[in-house]
Amino acid sequence: MNIFINWIKSIIEIKSSDSRYKTIPIDGKAIKNATDKVNNGNIPYIVSAFCQDLSISIGQVEVDDKSNKITAIPDLLDLIDIENCIVTIDAVSTQKNIVEKIVNEKKAHYCLSVKK
């Protein structure tokens, strides 16, 4: 995993050296065609971070079967360098601990998404 992360970081550094901000959407997805006997018929879910400006996925983590993406997003944030990036996440992820991790710990900007 570390080899992949370092490779992605090097690509981002090369391709975005002239860009101050990168947009990083983070979202969860169901892998519907992956249901099989290995997964006991469960549909696996992943949370991914995508560097929109470079059209490249910069990280993903699996969501535990007995959990949701709210608990997986902090794990994903630990893997990626998002300093000075603009992070967007849907309304379900507007949890205080996630926002604090993005803004205070990872030094990124956060686009808040809300419903009604």
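Which residue in β4 stands opposite Ile24? The residue is Val87. The model is predicted: local features need pLDDT of at least 70, side-chain atom pairs count only at pLDDT 80 or more, and totals for chains, interfaces and linings use all residues. Residues are numbered from 1 along each chain as its sequence is written, and side-chain values use heavy atoms, with hydrogens and water left out.

The sheet comes first. Five strands form an open sheet with mixed pairing, in the order β3-β2-β1-β4-β5. Its edge strands are β3 (56–63) and β5 (109–111), and each pairs on one side only. Neighbouring strands are turned by 25 degrees against each other on average, direction ignored. Strands (E, at least two residues) and helices (H or I, at least four) are DSSP runs, numbered from the N terminus. Two strands pair if DSSP finds at least two bridges between them. Axes are lines fitted to C-alpha atoms, for helices over the stretch in contact, and angles run from 0 to 180 degrees between N-to-C directions.

Strand β1 (residues 23–30) runs antiparallel to β2 (residues 45–51), and 5 bridges join the two. Tyr45 in β2 is the bridge partner of Ala30. Between β1 and β4 there are 4 bridges, and these strands run parallel. Strands β4 and β5 also run parallel, joined by 3 bridges. Here Thr88 stands opposite Cys111 in β5.

Side chains alternate along β4. Buried means under 20% relative accessible area, exposed means over 50%, and partly exposed lies in between (1.4 Å probe, protein chains only).

Helix α2 (residues 69–79) touches β1, β2, β3 and β4 (86–89). The direction of α2 makes about 135 degrees with that of β3. Helix α3 (residues 96–105) touches β4 and β5, and its direction makes about 140 degrees with that of β5. Contact means heavy atoms within 4.5 Å. Together, β4, α3 and β5 make a right-handed β-α-β unit. A crossover is right-handed if, with the strands pointing away from the viewer, the path from the first strand over the helix to the second runs clockwise.

The helices also pack against each other. The angle between α2 and α3 is about 15 degrees, with their axes 10 Å apart. They are therefore roughly parallel. Angles under 35 degrees count as roughly parallel, over 145 as roughly antiparallel, 65 to 115 as roughly perpendicular and the rest as oblique. The α2 and α3 crossing is left-handed: in such a crossing, the near helix is turned anticlockwise from the far one by less than a right angle; clockwise would be right-handed. In α2, Ile70, Ile73, Pro74, Leu77 and Asp78 meet Asn97, Ile98, Lys101, Ile102 and Glu105 in α3.

Lys69 is found in helix α2. With a relative accessible area of 17%, Lys69 is buried. Not counting residues up to four places away in sequence, Lys69 touches Asp27, Gly28, Val47, Val63, Asp90, Val92 and Ser93. Asn84 lies in the loop between α2 and β4. Asn84 is not a glycine, yet its phi is positive, at about 65 degrees. Its relative accessible area is 36%, so Asn84 is partly exposed. Lys107 sits in the loop between α3 and β5. Phi of Lys107 is near 60 degrees, a positive value in a residue other than glycine. Lys107 counts as partly exposed, at 48% relative accessibility.
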